[in-house]
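Here is a short briefing on one protein chain. Look at the model first, then read the points below.

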Amino acid sequence: MTPPPAADRLRWADLRLLLLAVVLFGGVWPVTKHALRDATPVWFAVSRAGLATLVITLLVLALGRLRRPGPRDWPAVLAVGSLQLGAFFALTHLALPLVPAGRTAVLSNVTIIWLVPLSVLLLGERLPPRRWAAAGLGLAGAAVLVGPWAVDWSDPRALGGNALLLLAALCWSLAIVITRLRPPHRPMLELLPWCFGLGTLLLAALALLREPGGGIGPGAWPHAAFIGFVAAPLGTWSVIEAGRRLPGAVASVGFMLVPALGLAGAALWLGEPMGWDVWLGAALILGSVLLAVGG
């Protein structure tokens with residue numbers, strides 16, 4: 001039997017990175033939604049990025065690997081810092097007060113809408129029929145989870161929130177494509193302090209402009225600590241590495257597990273409803289993941 005081509009083979013180590021990202025980011029949105037009861041959105045995003053900067057910098061420093069990025073590293077640093085951290089955090093946190101946490105988990109992570117065509121057009125990936133089918137199945141699951149029939153199309157706040165989330169997914173997808181087009185010379189772990197530092201500066205500038213009287217209350221600091229010390233640094237590193245190592249279709253379909261976990265967390269913690277659409281959408285997404293990584 002002829003083995004599959006190298007681009008079509010998947011390593012368990014790379015899939016573990018994807019699973020780690022899914023578990024960490026799946027719980028972020030219910031936690032953040034709860035924290036916004038005692039914090040303004042952009043300042044909470046600043047805390048998330050700033051605490052992660054501190055953690056990842058101390059870790060890399062302890063490992064003796066804190067160095068200035070080289071010329072081949074800067075495209076990845078700028079892409080991740082400005083798009084995946086700065087823009088993505090800003091757009092999702094601004095949208096979260098406008099839409100339920102479960103919907104935020106869905107739309108902000110629907111990279112499949114953008115990443116599959118971008119991977120084909122810009123990276124020249126040739127997708128086997130199985131992964132095209134997986135992408136279609138995952139997109140169908142996302143459509144069911146989003147539930148457009150439940151959106152009040154006359155409400156500009158709801159429409160604006162959904163648009164912000166789709167734009168956030170585009171920013172994340174562009175960061176993945178850029179890091180694959182211009183892979184850094186150094187491991188991403190060594191570059192994350194610079195990425196998070198850039199993202200924190202951009203978010204802080206936006207917070208000063210948009211929320212001059214905002215901030216984070218005492219009730220939101222435990223949430224910020226969990227996200228900033230654990231979920232943000234570990235989750236972002238695993239997302240970047242999974243996006244670089246896995247085919248675009250597999251990565252984007254795998255990220256679709258994040259909404260399923262986000263919806264479950266929103267239902268269990270925040271009391272958001274879980275109807276037939278949640279169960280059907282989650283089943284379609286799980287099927288798409290199994291189809292993408294199988295074979």
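## Salt bridges and their network

The count of salt bridges comes to three. A salt bridge here is a side-chain nitrogen of Lys or Arg within 4 Å of a carboxyl oxygen of Asp or Glu. Side chains of opposite charge can pair when their charged atoms come close. This is a predicted model, in which local features need pLDDT of at least 70, side-chain atom pairs count only at pLDDT 80 or more, and totals for chains, interfaces and linings use all residues. Residues are numbered from 1 along each chain as its sequence is written, and side-chain values use heavy atoms, with hydrogens and water left out.

Two terms come up throughout:

- Buried means under 20% relative accessible area, exposed means over 50%, and partly exposed lies in between (1.4 Å probe, protein chains only).
- Helices (H or I, at least four residues) and strands (E, at least two) are DSSP runs, numbered from the N terminus.

- Glu190 and Arg65 join their side chains in a salt bridge, at 2.9 Å from N to O.
- That pair links distant parts of the chain: Glu190 sits in helix α9 (residues 188–210), Arg65 sits in the loop between α3 and α4 (74–95), and they are 125 residues apart.
- Glu190 is buried, because its relative accessible area is 8%.
- Arg65 has a relative accessible area of 27%, so Arg65 is partly exposed.
- Arg186 forms a salt bridge with Asp73, and their closest N and O atoms are 3.0 Å apart.
- Arg186 lies in the loop between α8 (156–181) and α9, and Asp73 in the loop between α3 and α4, so this pair ties together parts that are 113 residues apart in sequence.
- Arg186 is partly exposed at 23% relative accessibility, whereas Asp73 is buried at 0%.
- Arg186 also meets Glu190 in a salt bridge, at 4.0 Å from N to O.
- Through shared partners, salt bridges join Arg65, Asp73, Arg186 and Glu190 into one network.

## Cysteines

- How many disulfides are there? The count comes to zero.
- A disulfide is a covalent bond between the sulfur atoms of two cysteines. The rule used here asks for a pair of cysteine sulfur atoms within 2.5 Å.
- Cys171 is buried, with a relative accessible area of 10%.
- Cys195 is buried too, at 0% relative accessibility.

## Buried spots in helices

**Thr53**

- Thr53 belongs to helix α3 (residues 41–62).
- Is Thr53 buried or exposed? Thr53 counts as buried, because its relative accessibility is 16%.
- A polar atom of the Thr53 side chain lies 2.7 Å from the backbone oxygen of Ala49.
- Beyond its neighbours within four places in sequence, Thr53 is in contact (heavy atoms within 4.5 Å) with Pro193, Phe196, Gly197 and Thr200.

**Gly141**

- Gly141 is part of helix α7 (residues 129–146).
- Gly141 has a relative accessible area of 0%, so Gly141 is buried.
- Which residues does Gly141 touch, not counting residues up to four places away in sequence? They are Gly281, Leu284 and Ile285.
- Gly141 and Leu286 are 145 residues apart in sequence, yet their C-alpha atoms are 8.8 Å apart in space.

**Helix α2**

- Helix α2 (residues 28–35) is mostly covered, with six of its eight residues buried.
- Those buried residues are Val28, Trp29, Pro30, Val31, Thr32 and Ala35.

## On the surface

**A nonpolar patch**

- A nonpolar patch on the surface has about 1,000 Å² of accessible area together, and its members include Leu20, Leu54, Trp74, Leu78, Trp194 and Phe226.
- Patches are made of residues with over 30% relative accessible area and no salt bridge; like charges are joined within 9 Å, and nonpolar side chains (Val, Leu, Ile, Met, Phe, Trp, Tyr) within 5 Å.
- Accessible areas come from the Shrake-Rupley method with a 1.4 Å probe; for residues, only the protein chains shown count as cover.
- Helices α3, α4 and α10 each supply at least two residues of the patch.
- The largest share, four residues, comes from α10.
- Leu78 lies in helix α4 and is partly exposed at 46% relative accessibility.

**Pro212**

- Pro212 sits in the loop between α9 and α10 (221–245).
- Pro212 is exposed, because its relative accessible area is 64%.
- The C-alpha atoms of Pro212 and Trp43 are separated by 9.5 Å, although the two residues are 169 residues apart along the chain.

How values were computed: A polar contact is a pair of N or O atoms within 3.5 Å; within protein, one must be able to donate a hydrogen and the other to accept it, and residues adjacent in sequence count only if both atoms are side-chain atoms.
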